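Please keep the sequence and the 3D view open while reading.

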Amino acid sequence: MQTNFLSQQFNAGSLAENSTACPANATICDGTSCVLPEDNFNQTLSVVLSTVLTIMLALVMFSMGCNVEIKNFLGHVKRPWGIFVGFLCQFGIMPLTAFLLSLAFDVLPIQAVVVMIMGCCPGGSASNIIAYWVDGDMDLSISMTTCSTLIAMGMMPLCLFIYTKMWTDADAIVLPYNSIGLSLVALVVPVSVGIFVNHKWPSKAKIILKVGSIVGAVLIVVTAVVGGILYKGSWVITPKLWIIGTIFPAAGYTLGFFLARLAGLSWNRCRTVSLETGMQNTQLCSTIVQLSFTSEQLELMFTFPLIYSIFQLLFAILILGGYRLYRRRHVKTKTDVEKTVQKEDSKSGDKINGGFVSDEMK
């Protein structure tokens, strides 16, 4: 571990000087940020939970695929207007927003770079789960996530070259193409199986979808909690990154929604594009950061991907809660429509019979 290696370079005196700001066993501590060494328990917990979460995610994406119809999915591929709008949001709005936030808050160059990396990452799988709960277009959601992950292999280095050259050499950023490829495989394979199940056994697919959507919601919360446990030693960090980590996902959701509406997409597709824009693949960002920077540099921005993931989840929950509240008050469900029809039928029957009710109706 890089943090363990760096701890050998820090003597006891330097740690004691910052003991008021950081724990006594912090390997990196300068009063504004600190990193604790990862103990054996955390290492074991990380391996076990990452394995379990990976399997659960595959099962959840399989269930999400059970809500995708081949005809509609191919329709988005053949007429990719929605995918194109999502592409503009993902690799147009997000990198530009990251660039402007970095300039506005005048963060350190190395911190600006990690903000840019987050802005250039493709969409995360969590967006598909939230899109289901807000009645989004699941066919568009799955196709957008797949395409953004695939296109990221070319667009990420291009965007990073354009935006980060004022802060660092683009060649210094290591892009883990194997991780991107694994993310793509982990998305495409279970979703494809789910689409096949929906095509062959639609009734069973609905049951799988209901179970998977609940498991997916739990998985998102568990992932956030696990991240907080595994990186508990890096919570003391410059306030500017906390502010950027709060504003950035909110800006992604908002700008994605308005651009989709401006492009003439329907309301459910606007919600889908919004979620696909704001919810980034934070795990990929963390991998890039750890591969590209030294321990001394990591102390300045080690937890930004985790900060972003927490606030993108909080805002997604707010969006979900707001939509559900709106739907309950303004949108009639199928049951409500049936009840209304029954009432109208009973009223018309009363008028015909002069208000009398036969014994058969009692």
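The model is predicted: local features need pLDDT of at least 70, side-chain atom pairs count only at pLDDT 80 or more, and totals for chains, interfaces and linings use all residues. Residues are numbered from 1 along each chain as its sequence is written, and side-chain values use heavy atoms, with hydrogens and water left out.

Helices (H or I, at least four residues) are DSSP runs, numbered from the N terminus. A residue is called buried under 20% relative accessible area, exposed over 50%, and partly exposed in between (1.4 Å probe, protein chains only).

Helix α7 spans residues 126-133, and because 6 of its 8 residues are buried, the rest of the structure largely encloses the helix. The buried residues of α7 are Ser-127, Asn-128, Ile-129, Ile-130, Ala-131 and Tyr-132.

Most residues other than glycine have a negative phi. Asp-135 is not a glycine, yet has a positive phi of about 55 degrees. Asp-106 is another residue other than glycine with a positive phi, near 50 degrees. The loop that holds Asp-106 lies between α5 (81-104) and α6 (109-120). With 59% relative accessibility, Asp-106 counts as exposed, while Asp-135, at 28%, counts as partly exposed.

## Salt bridges

Side chains of opposite charge can pair when their charged atoms come close. A salt bridge here is a side-chain nitrogen of Lys or Arg within 4 Å of a carboxyl oxygen of Asp or Glu. By this rule there are 2 salt bridges.

| Side chains | N to O distance |
|---|---|
| Arg-327 and Asp-135 | 3.0 Å |
| Arg-269 and Asp-137 | 2.9 Å |

Which parts of the chain does the pair of Arg-327 and Asp-135 link? Arg-327 is in helix α15 and Asp-135 in the loop between α7 and α8, distant parts of the chain 192 residues apart. Arg-327 is partly exposed, with a relative accessible area of 26%.

The side chains of Arg-269 and Asp-137 meet in a salt bridge. This pair also links distant parts of the chain: Arg-269 is in helix α12 (residues 267-278) and Asp-137 in the loop between α7 and α8, 132 residues apart. Is Asp-137 buried or exposed? Asp-137 is buried, at 8% relative accessible area, whereas Arg-269 is partly exposed, at 31%.

Helix α15 (residues 304-330) also contains Gly-322. The C-alpha atoms of Gly-322 and Val-134 are separated by 9.5 Å, although the two residues are 188 apart along the chain. Gly-322 is partly exposed, with a relative accessible area of 39%.

## Cavity and pocket

On a 1 Å grid over the protein atoms alone, a cavity is a set of points where a 1.4 Å probe fits but cannot get out; a pocket is an open set with protein on both sides within 12 Å along at least five of seven lines; lining residues have an atom within 4 Å of a point. Volume is the space filled by probe spheres set on the points.

There is 1 cavity of 30 Å³ or more in the structure. The largest cavity holds about 70 Å³ of space. Its lining includes Ile-83, Phe-87, Met-144, Ile-151 and Glu-276. Helices α5 and α8 each supply at least two lining residues, and α5 gives the largest share, 5 residues.

The second largest pocket holds about 400 Å³ of space. Of the 13 residues lining this pocket, Cys-66, Asn-67, Tyr-132, Lys-206 and Leu-209 lie nearest its centre. Tyr-132 is also one of the buried residues of α7. The largest share of the pocket lining, 3 residues, comes from α10.

## Surface patch

A nonpolar patch joins side chains of Val, Leu, Ile, Met, Phe, Trp or Tyr within 5 Å, in residues with over 30% relative accessible area and no salt bridge. Leu-96, Leu-100, Leu-103 and Met-166 form such a patch on the surface, with about 370 Å² of accessible area together. Areas come from the Shrake-Rupley method with a 1.4 Å probe. Met-166 lies in the loop between α8 (138-164) and α9 (177-200) and counts as exposed, at 52% relative accessibility.

Conventions
Patch = residues over 30% accessible without salt bridge, like charges linked within 9 Å, V, L, I, M, F, W, Y side chains within 5 Å.
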